[in-house]
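Okay, thanks for making time, everyone.

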Amino acid sequence: MSPLATEYYARANELLAKAWATNDAAIAQAVPLIAKSVADGGVVHIFGSGHSDVIGREIIGRAGGLACLSGVIDPTNGFIENLPNYGLKLIERYDRQHELRRGETMIVISNSGKNTAPIDVALYAKAKGMNVITLCCMAMSKITPSQHPSGKKLFECGDISLDNGGVPGDAIVELTPGVMGGPTSTLIGASVLNWLMLGVMDWLKAHGHEIAVLRSQNLPGAIEHNRKLGERYKGRLSRQLA
């Protein structure tokens, strides 16, 4: 491997290990909140702004993941995330289509934690009586000014805050003086969400509940299995399961 790739591998794994330790208590707190709702037939809703949408999609509608996950999709891919009230209108429409229920969970992801749309979504979900879990880069969020009219940062808008453990600017490898490459927010953010979801599955297992997990559609009978799971969430998921 190239020297830059080697440096990235070493540093990214250091940050991943740090995130594992840093998020332990928050994940332990979040797991029962999510799992109890899932056990009662609830849906977990996920919104990622801009590139953070990729992190949310990591756990939605995929093999080995819970069937009850639904993504709040921004058709602009974050291009107008700081347009006043855009996030509010987006989540209001999603609510009309798929119904956000009290006691369910909304996971909101934004690396900077400063932009308007994810904060709109978090505040709306909180007002609906949902459990709100945020995921951002705390190191970056704490030094950048909020773009939201309230002046709040994303981590201030939820019940539980998760930290991807990254650095301001996201990239960790210096290419030339002042020029950085190798972002970590997707790698670590996706890992944090998988740790969280596996914790939920562990709770369901320990408390004697069904673990409604999707199978790879490349396996025999998987499409039929996934469609059957999807029937119980009909109209509530933004993505058809099979």
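**Helix packing and a few residues**

So, let's start with α1 and α7: their axes come within 10 Å and cross at roughly 35°. An axis here is a line fitted to C-alpha atoms, for helices over the stretch in contact, and angles run from 0 to 180 degrees between N-to-C directions. Helices are DSSP runs (H or I, at least four residues), as are strands (E, at least two), and they are numbered from the N terminus.

Quick housekeeping: this is a predicted model, local features need pLDDT of at least 70, side-chain atom pairs count only at pLDDT 80 or more, and totals for chains, interfaces and linings use all residues. Residues are numbered from 1 along each chain as its sequence is written, and side-chain values use heavy atoms, with hydrogens and water left out.

Back to the helices. The α1 and α7 crossing is right-handed; the rule is that a crossing is right-handed if the near helix is turned clockwise from the far one by less than a right angle, and left-handed if anticlockwise. Who is in contact, meaning heavy atoms within 4.5 Å? On the α1 side we have Tyr8, Ala12, Leu15, Leu16, Ala19 and Trp20, and they meet Leu187, Ile188, Ser191 and Trp195 in α7. By class that splits into nine nonpolar, one polar and no charged residues. For the classes, Ala, Val, Leu, Ile, Met, Phe, Trp, Tyr, Cys and Pro count as nonpolar, Asp, Glu, Lys and Arg as charged, and the others, Gly among them, as polar.

Now, two of those names come up again. How many aromatic pairs does a search of the whole structure find? One. Trp20 and Trp195 form that pair, edge-to-face, at 5.0 Å centre to centre and 90° between the planes. The cut-offs: rings of Phe, Tyr and Trp (its six-membered ring) pair if their centres lie within 6.5 Å, with planes under 30 degrees apart called stacked, over 60 edge-to-face and the rest tilted. The pair links distant parts of the chain, since Trp20 sits in α1 (residues 3–22) and Trp195 in α7 (residues 185–206), 175 residues apart. Is Trp20 buried or exposed? Its relative accessibility is 56%, so Trp20 counts as exposed. That scale goes buried under 20% relative accessible area, exposed over 50%, partly exposed in between (1.4 Å probe, protein chains only).

α7 has another partner, α2 (residues 24–39): those axes come within 8 Å and cross at roughly 55°. That makes α2 and α7 oblique to each other. In angle terms, under 35 degrees is roughly parallel, over 145 roughly antiparallel, 65 to 115 roughly perpendicular, and the rest oblique. The α2 and α7 crossing is right-handed. Contact residues include Ile27, Val31 and Pro32 of α2, and Trp195, Met197 and Trp203 of α7.

Next up, α4 (residues 86–98) and α5 (residues 116–127), with axes that come within 7 Å and cross at roughly 45°. So α4 and α5 are oblique to each other, and their crossing is right-handed. The contact is made by Tyr86, Gly87, Leu88, Ile91, Glu92 and Asp95 of α4, with Ala117, Asp120, Val121 and Tyr124 of α5. By class we get six nonpolar, one polar and three charged residues.

Asp95 counts as buried, at 11% relative accessibility. Not counting residues up to four places away in sequence, Asp95 touches Leu100, Tyr124 and Lys128. Its C-alpha is separated by 9.6 Å from that of Ala125, 30 residues along the chain.

Then the backbone. Most residues other than glycine have a negative phi, and most peptide bonds are trans. Glu99, not a glycine, has a positive phi of about 70°. Glu99 is in the loop between α4 and β3 (105–109), and it counts as partly exposed at 40% relative accessibility. For Asp170, phi is near 75°, again positive. Asp170 is in the loop between β5 (160–163) and β6 (171–176), and it is buried, with a relative accessible area of 13%.

Last one: Leu229, in helix α8 (residues 222–231). Leu229 is buried at 5% relative accessible area. Leaving aside neighbours within four places in sequence, Leu229 is in contact with Ala67, Glu210, Ala212, Val213 and Leu214.

How values were computed: Contact = heavy atoms within 4.5 Å.
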